[in-house]
Protein chains: 2
Amino acid sequence: MRGLATHPAARGLSDDCAVLEVGGETLILTHDMLVEGVHFLPGQDPADVAWKLVATNMSDLAAKGAEPVGVLLGYMLDGDDARFVEGLAAALAHYGAALLGGDTVAGSGPQVMGLTAIGRATCRPVPSRAGATPGDTVWITGPVGAAMIGLEALRAGSGDSLAYRRPAALLRQGQALAPHVSAMMDVSDGLLLDAHRMAEASAVTLALDSAAVPIACPESRRHDALRWGDDYQLLFIAPADVVLPVTAIRIGTVQPRGSHPLLLDGLPPAEGEALGFEHS
Amino acid sequence: MRGLATHPAARGLSDDCAVLEVGGETLILTHDMLVEGVHFLPGQDPADVAWKLVATNMSDLAAKGAEPVGVLLGYMLDGDDARFVEGLAAALAHYGAALLGGDTVAGSGPQVMGLTAIGRATCRPVPSRAGATPGDTVWITGPVGAAMIGLEALRAGSGDSLAYRRPAALLRQGQALAPHVSAMMDVSDGLLLDAHRMAEASAVTLALDSAAVPIACPESRRHDALRWGDDYQLLFIAPADVVLPVTAIRIGTVQPRGSHPLLLDGLPPAEGEALGFEHS
């Protein structure tokens, strides 16, 4: 994002969704890309890749409390396109999104694909990353670390890799939570990195209790699980007295902006420490 | 498109636009990709590549008589991203489209990028490819062949390559024509191939007069110019007594569907002859 995000023309180019008011409705638009060797393994089942492409975009809609309308696919043709389409059809049916259109291209390098998802807001104002207020509480909808274990199983060729291959976008939870949250986003690049981004967007400090974060891996891997991506839980902020409509786990509090946007067990992350998965 | 387009789930995946009714408004959505070495030359000025990416998508909107709203960019980071952003900013300003969001990814192979453009219909019903009716006339907004000459100039390193590098999307013409046409599309992959697609979509035969087609190249290259892409003229169908609001050239007539969807000077194209640029 360096060259792009710093240019005035590219101010809109964060990985957050676009919100578009159209004829009295509020549309949510998001675009996510997957690159072979970066976001999925060479040789991975194309049906799983298609599922992940859809789920990552649906997860963006979930964080906005949106319901899916449809998608546009940009797809570089590869060997097993029919298998890709099978997975695409299954994922779109699962999430109730229509294939509205798209483009296919020939290509010779690593496979690249992109999906634009369009959703309809079910709650206005649409939750953003910028609403966290000191005194609020920090929540997550479920455990992190499952995708990490899943990727390791896939690489090892044994064990349960489903969480990595077929992540679930929490559309129902996002829609239920939207009226109750002051900020919400999905955890795609690692809990600490995404919490850091939310704190920056809200100009606050998020103070997280690392032991409170639910993990789907051995306790010895807690450090990694907090920094690993691809779990697609929803991270959200709510007033301290909130009564939530869905299950979630309280993992911290919102404080006035201090010297660092993120505190983990009272301390800022070590200088230069990677907080998650940076795509660029 | 083979594996994709034949699958029921991929029925929507043509290179035509999606039309979406939202709260009393009609949105047009389109997604086009560019691949290095396929749609642009390795080493080409990134600002020109950005311009072309925007223009190809805007041209899709033009064919629907739409006015641009905004775009979402999917962009594989490359060496000279700042230069890309310069071209992107210039093109978006030129066409009046906002950068709504997007995604950037790392990648190691040939550069790949995609753009989703969102437009607002200015005329309903929105022109499609399917409305050509026997007795109608076939028109084009201007000459073909300019991009072919431009690409040759760019490859040769001398001569005017602007038409290839910075194609113009005919938004104003598309909006003016929309209320008058029975079908419309942009000529992106070659006049004959796109006319063939329109004939198929409309279940008619388009009979073209090859000598009537305006060309922007030597007469000796007329055969190639009719089959070359990237010119982004608008190809449209109108009733025989139409009075057009913009300049256009009549190049044929619509006939009941005969044995072939396309006739060139009364004859179907030779068996197996390439009609244009197939992306896959």
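## Ground rules

Since the model is predicted, local features need pLDDT of at least 70 and side-chain atom pairs pLDDT 80 or more, while totals for chains, interfaces and linings use all residues. Residues count from 1 along each chain as its sequence is written, and chains are lettered from A, with ligands numbered from 1, in the order in which they are written.

## Overall fold

Chain A has 8 helices and 11 strands (DSSP runs numbered from the N terminus: H or I of at least four residues, E of at least two). Its C-alpha trace spans about 50 × 50 × 40 Å along the principal axes.

Of the 280 residues, 56% are buried (20 or more other C-beta atoms within 10 Å of the residue's own, with C-beta atoms placed from the backbone).

## Two domains

Chain A splits into domain 1 (2-121) and domain 2 (137-264), with bounds from an automatic or database domain assignment. Their centres, taken over C-alpha atoms, sit 21 Å apart.

Where they meet, 16 residues of domain 1 are in contact with 19 of domain 2 (C-beta atoms, placed from the backbone, within 7 Å). On the domain 1 side, α2 (46-62) and β3 (66-76) each supply at least two residues, and α2(A) gives the largest share, 10 residues.

## A buried strand

Strand β7 (residues 183-186) points A183(A) and M185(A) one way and M184(A) and D186(A) the other, and all are buried. β7(A) pairs antiparallel with β9 (residues 234-238) over 4 bridges; pairing takes at least two DSSP bridges. M184(A) has F236(A) of β9(A) as its bridge partner.

Key: Buried ≥ 20, exposed ≤ 12 C-beta atoms within 10 Å, placed from the backbone. Contact = placed C-beta atoms within 7 Å.
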